[in-house]
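Subject: Structure handover

Hello,

Here is the structure I promised to pass on to you. Please open it alongside this note, and my notes on the contacts follow below.

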Amino acid sequence: MATSKFYLRSKGKDCAIQMQFSISRTLKMRTSTGLISNSNVWSDKTDLPTLGKNASDKNLVTKLQNLSTFVLEAYNVDFANGVNFSNDWLKSKINKYFERENPTTEIEDDNYFSIYLKNNIELRKLDSRTKKTTDQKFIQLQTKFTDFEKTKKKKYLISEIDKKFMLVFRKHLIDKFKIMESTANRSLKNLKTVLLDARDNGKTINHQINNFSIETVPATKVFLNFEEIKKIKESTIIGNDLIHAKDWLIIGCYTGQRVSDLLRMTKEMIFTKTDSNGESFQFIELTQQKTGKEVTIPLHDEVLKIINKYDGNFPPTFGKTRDSKFALFNRYIKKVCEISKINDIVKGKVYDSKEKRNEIKETDKWRLTSSHICRRSFATNFYGDKRFTTPQIMAITGHGSESVFLGYIGKSSSDHAMTTAKTFKEIESQKIAN
């Protein structure tokens, strides 16, 4: 049952009277009535001024009692009509009772998830430690959540979001935005992150959220092995754009960088270092745009061959803008791989024009080629070579932790254990042979 009470937020002669309207244990609205009272005449037992001989105090008690009745009656009507209740609703009823004009600016109630999310995004902008790429994920969540509320014609309180809501929201994302289940699940993870932040800031969240687990759908890891890279290197390609794309693809497979770092490599980034035996080696040093990490990359012979082909420079790039450069590179390397007959049948993400969404299907590997195959090919191929340690490879790719790195190439701690077991066996075999 809904109840109301009045209280003072301070002590003194002219104290603002606040109204609290409680609908449940988790939904309590509070706002100012616009009236004042002396704390000396305020009763904590009745939550009203003490009735004495002062006519103004009696008049104030009558106003507050009538206001309480008015708000309760309005609640009963609005509850039957499915209205969402918030501090704004309570303030509007108080203004209506006193026949005040509504304020030009509304106070936004961050008990609603959409408002809390908006405020959370604004706070992230002020925090220099957050990554822009991560910030963008929450902005995308805001767009999708707003669309969901418009579809349902309802604004959701933080406390209303439970397991059922999460599942319904995921279905909406898959059906409306034509995205894969794995992408929808990532949106749910971001939604849960915001809910847990709200909990940590004193908001009440549904108890089901704490233990709500979001299934991880394993991503398909597509990479070029050394044999396929060799096929590409030896293939006959016609046309400058495709030739340049072929060379950049090979460079990418031996440097392990994202396309945003790969295509901005220049000869000015190259330096030579000599070891204690007087042997010289060439490296390229850059700061990764996505993470801000500084990486030093030894230049493989295959990379040096290509650089020498361009008189000490890297190949020309494509397009005039950053986005067009990446888009053209993706298009060209797909064609290069098709010409090179990189056509093993593998599972991967393919756009279904009929369903208008990406689906996991079996297809020719060249169709799944994109700029990211460079980085994953480097990480996967050299991880599989026992001459290189995982930290050595991570120092080049810039991965922050081994668990993230292993997940990136589709490996786990059990793969590590199997490699170690095989090494143990080789050691024992060598002992017997000796």
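**Aromatic rings and a helix crossing**

Phe113, Phe145, Phe148, Tyr156, Phe165 and Phe169 are joined into a cluster by ring pairs. Here, rings of Phe, Tyr and Trp (its six-membered ring) pair if their centres lie within 6.5 Å; planes under 30 degrees apart count as stacked, over 60 as edge-to-face and the rest as tilted.

Before you go further, please note that this is a predicted model, in which local features need pLDDT of at least 70 and side-chain atom pairs count only at pLDDT 80 or more, while totals for chains, interfaces and linings use all residues. Residues are numbered from 1 along each chain as its sequence is written, and side-chain values use heavy atoms, leaving out hydrogens and water.

Across the whole structure, a search finds 25 aromatic pairs. In one of them, Phe318 and Phe329 have ring centres 6.1 Å apart and planes at 15 degrees, so this pair is stacked. Phe318 lies in the loop between α11 (301-309) and α12 (322-339), and Phe329 in helix α12, so the pair ties together parts that are 11 residues apart in sequence. Helices are DSSP runs (H or I, at least four residues), numbered from the N terminus. Both Phe318 and Phe329 are buried (buried means under 20% relative accessible area, exposed over 50%, partly exposed in between, with a 1.4 Å probe and protein chains only).

Phe382 and Phe388 make another pair: their centres are 5.3 Å apart and their planes at 85 degrees, so it is edge-to-face. Phe382 is buried at 9% relative accessibility, whereas Phe388 is partly exposed at 33%.

Two lysines also meet rings. The charged end of Lys155 sits over the ring of Tyr112, 5.7 Å from its centre, and that of Lys365 sits over the ring of Phe223, 5.7 Å from its centre. The test is that NZ of Lys or CZ of Arg is within 6 Å of the ring centre and within 35 degrees of the ring normal.

Finally, the helices. The axes of α3 (residues 113-126) and α6 (residues 181-200) come within 11 Å and cross at roughly 90 degrees (axes are lines fitted to C-alpha atoms over the stretch in contact, with angles from 0 to 180 degrees between N-to-C directions). Phe113, Tyr116, Leu117 and Asn120 in α3 meet Leu191, Val194, Leu195, Asp197 and Ala198 in α6, where contact means heavy atoms within 4.5 Å.

Best wishes

Conventions:
Helices (H or I, at least four residues) and strands (E, at least two) are DSSP runs, numbered from the N terminus.
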